[in-house]
Amino acid sequence: MRGRSITQMLGAVVVTFELLVIFLGSLVAFGLKAVPPATAFIGGGAICLALIVSAVLLPRRVGVVVGTVVHVAIVVTGVLLPAMYVVGGLFLALWVYCMYTGTTIDRGRLAAGTESAP
């Protein structure tokens, strides 16, 4: 897709899948009565909103920083629901890998002259 970098596309894919996981995680936290219903749904909704904001900001460097902070916050939710340590950790690792790989590919494409700077 012209006009979007590989980093943006990979970030959007990770955020899309994580939105689904966080939504389902909120339902699990509610169903297991790990937290009060308001905490499960408001907290899950806030994290989903923060993920969307990070996806919108991805064309700028601050988007990667916001995304990383949100992913670390998701790992921290493991305090409330221990499975989130694993799920959040996997998504954090995927996020870091995609940001590194996307940036490397974008730099290579720019150096080769096959893509203009975003």
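Mentor: The account below begins with the overall fold and then turns to the pocket and to an aromatic pair.

This is a predicted model, in which local features need pLDDT of at least 70 and side-chain atom pairs count only at pLDDT 80 or more, whereas totals for chains, interfaces and linings use all residues. Residues are numbered from 1 along each chain as its sequence is written, and side-chain values use heavy atoms, with hydrogens and water left out.

The protein has four helices and zero strands, these being DSSP runs numbered from the N terminus (helices: H or I, at least four residues; strands: E, at least two). Its C-alpha atoms fill a box of roughly 55 × 20 × 20 Å along the principal axes. Of the 118 residues, 32% are buried; buried means under 20% relative accessible area, exposed over 50%, and partly exposed in between, with a 1.4 Å probe and protein chains only.

The second largest pocket has a volume of about 230 Å³. A pocket here is an open set of points, on a 1 Å grid over the protein atoms alone, where a 1.4 Å probe fits, with protein on both sides within 12 Å along at least five of seven lines; lining residues have an atom within 4 Å of a point. The volume is the space filled by probe spheres set on the points, which are joined across faces, edges and corners. The lining of this pocket comprises 14 residues, and those closest to its centre are Ser26, Ala40, Gly44, Ile47 and Thr77. Helix H1 (6–31) and helix H2 (37–56) each supply at least two lining residues, and H2 gives the most, with five.

The rings of Phe30 and Phe41 have their centres 5.1 Å apart and their planes at 45 degrees, so the pair is tilted: rings of Phe, Tyr and Trp (its six-membered ring) pair if their centres lie within 6.5 Å, with planes under 30 degrees apart counted as stacked, over 60 as edge-to-face and the rest as tilted. Phe30 is partly exposed at 37% relative accessibility, and Phe41 is partly exposed at 41%.
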